[in-house]
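Please look over the sequence and the structure below before reading on.

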There are 2 protein chains.
Amino acid sequence: MKKLINAPDDVVAEALAGMALAHADLIRVQPDPLVIVRADAPIANKVGIISGGGSGHEPMHGGFVGRGMLDAACPGHIFTSPVPDQMLAATRAVDAGRGVLQIVKNYTGDVMNFEMAAELAAAEGIEVATVITNDDVAVENSTWTAGRRGVGLTVLLEKIVGAAAEAGADLATLTALAQRVNAEGRSMGMALTSCTVPNVGRPGFDLPEGEIELGIGIHGEPGRYRVALAPAAEIAAMLVAPILEDLPFQRGDQVLAFVNGMGGTPLIELYLMYRELHKLLAARGIHIRRQLIGNYITSLDMAGCSFTLLRLDDHLTQLWDAPVLTPALRWGH
Amino acid sequence: MKKLINAPDDVVAEALAGMALAHADLIRVQPDPLVIVRADAPIANKVGIISGGGSGHEPMHGGFVGRGMLDAACPGHIFTSPVPDQMLAATRAVDAGRGVLQIVKNYTGDVMNFEMAAELAAAEGIEVATVITNDDVAVENSTWTAGRRGVGLTVLLEKIVGAAAEAGADLATLTALAQRVNAEGRSMGMALTSCTVPNVGRPGFDLPEGEIELGIGIHGEPGRYRVALAPAAEIAAMLVAPILEDLPFQRGDQVLAFVNGMGGTPLIELYLMYRELHKLLAARGIHIRRQLIGNYITSLDMAGCSFTLLRLDDHLTQLWDAPVLTPALRWGH
């Protein structure tokens with residue numbers, strides 16, 4: 001294992017300390033229980049938006065804490081759910097009396113622990129609502145989920161719902177918006193290589209030189225199937241087809257197209273994949289109205305990418321375009 | 001070789017086509033000779049700022065074309081200098097009568113070809129000035145340079161000089177500013193792994209499991225020495241010491257600290273390295289006034305990182321903070 005780390009057990013805490021030093025104007029990191037909180041939280045008259053999950057997916061979620069997106073994020077150990085005490089601390093830190101929305105990727109541990117935290121917060125008189133993302137079309141059930149996994153759409157949802165919260169929407173409106181975004185988006189990913197959890201010290205699975213894994217999860221859990229390494233155009237087609245069929249997306253749809261890198265894939269390859277995605281969508285009469293290209297929901301050092309498509313209307317587009325100021329996404333400020 | 005590409009010879013053109021599709025509001029890509037140009041160039045009454053070099057370092061330089069940074073960039077084949085025709089086309093595309101500044105990383109081929117283009121442009125009556133970056137303290141001469149290599153500081157210089165150009169500075173002022181930034185900054189990098197040029201199909205050099213290369217170049221060319229893989233704190237110290245000694249940076253200095261990923265290193269490790277850098281500088285009484293953390297000048301899929309320190313005064317800080325709107329850097333808009 002070759003990584004820029006000290007002790008494997010300290011990776012998350014030390015990386016978060018680095019984030020806190022770098023972005024003290026935007027975030028603070030509360031220790032024990034560990035929570036990343038917007039520097040100026042709680043914001044008067046604003047519904048709090050929180051998320052969280054295992055670490056190893058950076059910049060998600062901590063990199064999305066700030067103005068116009070998340071109010072707090074709960075980082076677990078690498079590829080491990082955070083504990084309810086973290087979500088409860090996040091909820092307390094961001095509640096300003098109008099309630100808190102939890103955005104939860106569909107993994108069994110995350111869902112269970114956020115649910116427990118919501119009950120504890122409710123007992124303290126804080127109103128909590130929960131939306132679960134499950135956009136991954138690759139598999140119906142997986143190693144760590146009942147039902148579909150929540151993946152790339154979570155990034156887009158956090159941006160859009162965060163913008164609406166910043167504009168003053170109430171908890172019921174935000175919950176309905178988040179459910180709608182989840183209903184309008186689909187994702188699928190692939191891996192060229194495995195990834196190595198620092199505590200384990202070796203790749204999580206074996207992917208031979210000539211093979212790729214389609215429908216991979218963000219923890220290296222198995223996908224749909226393995227195929228021989230293929231040209232980018234063919235890989236893009238294998239990712240797009242199940243996404244389009246599932247919603248289904250239709251001729252005339254306008255979408256936000258998100259090409260996400262898994263952490264070890266350089267930008268030159270992501271732009272090349274974006275061109276393939278653009279061609280495939282144009283051929284079916286689907287118009288890319290907005291796009292996001294880069295490493296936003298990663299799997300440590302895994303090489304590979306995922307596509308997410310979100311159907312846009314004017315309202316969602318306005319919320320996407322609204323100003324955001326976080327360590328990982330910033331525009332309009 | 002496992003990459004998200006089609007034919008190795010088409011990687012650069014296809015990735016640039018993807019960039020053009022994604023960022024049509026900011027840039028256009030002119031074919032034959034291949035140049036990335038700011039969408040609204042030439043800008044009346046503004047000195048044009050151009051740069052360029054081999055591809056494989058994305059987002060540098062094409063990702064820095066836009067408002068407040070570069071007016072054009074010339075992409076060569078991967079790890080290969082662009083040709084003079086590209087720089088000449090870029091110069092013509094951005095000249096608005098107040099001249100053009102070339103920002104050139106110190107590699108023999110780049111320097112020679114930019115020089116030839118400057119002569120051709122001068123013959124057409126366009127005033128051209130050139131600034132060469134040579135911030136890499138690792139080696140005095142290298143595989144592809146006479147003198148030191150230009151590396152991470154180039155990103156910071158393009159931002160700062162771009163801001164001054166946007167504010168209306170003339171060619172002589174911008175040239176002096178660029179020379180000053182180059183004089184005030186130093187860099188050093190390291191690699192955990194090699195990188196693979198698509199046309200070659202195998203790693204450019206062999207770096208055994210337990211070793212790292214200190215002072216690596218951005219094309220995988222040799223650095224200062226190889227050492228055993230060490231904890232992040234020790235690696236950070238090995239990078240910082242030669243940087244600080246060289247300028248030299250001194251107690252009381254204020255700096256812009258840039259932790260750059262080489263393309264295959266995930267963000268979690270870069271933030272961890274930023275914490276180490278922060279500790280090392282604090283111990284010497286050097287204050288980090290601004291920071292940049294991410295993959296900005298890369299070597300394809302190489303894992304590793306580089307540190308760049310730039311001594312700041314109020315003027316350079318204001319120029320760094322000024323609005324920028326490019327595919328890879330954006331704030332204040």
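## The sheet

In chain A, strand β7 (residues 185-191) and strand β8 (residues 211-214) run antiparallel and are joined by 2 bridges, where strands are DSSP runs (E) of at least two residues, numbered from the N terminus, and two strands pair if DSSP finds at least two bridges between them. M190(A) has L214(A) in β8(A) as its bridge partner.

These strands belong to an open sheet of 6 strands in chain A, with mixed pairing and the order β9-β8-β7-β12-β10-β11. Its edge strands, β9 (225-228) and β11 (287-294) of chain A, each pair on one side only.

## Basis of the model

This is a predicted model, in which local features need pLDDT of at least 70 and side-chain atom pairs count only at pLDDT 80 or more, while totals for chains, interfaces and linings use all residues. Residues are numbered from 1 along each chain as its sequence is written, chains are lettered from A and ligands numbered from 1 in the order in which they are written, and side-chain values use heavy atoms, leaving out hydrogens and water.

## The two copies

Chain A is superposed on chain B by a rotation of 180° with 0.0 Å of shift along its axis, at an RMSD of 0.0 Å, using least squares on the C-alpha atoms of residues with pLDDT of at least 70 in both. The two copies are therefore related as by a two-fold rotation axis, and the C-alpha of chain A nearest the axis, that of G264(A), is 2.1 Å from it.

## Buried tryptophans

W320(A) is buried at 3% relative accessibility, and W331(A) is buried at a relative accessible area of 16%, where buried means under 20% relative accessible area (1.4 Å probe, protein chains only), exposed over 50% and partly exposed in between.

Methods. Helix = DSSP H or I, 4+ residues; strand = E, 2+ residues; numbered from the N terminus.
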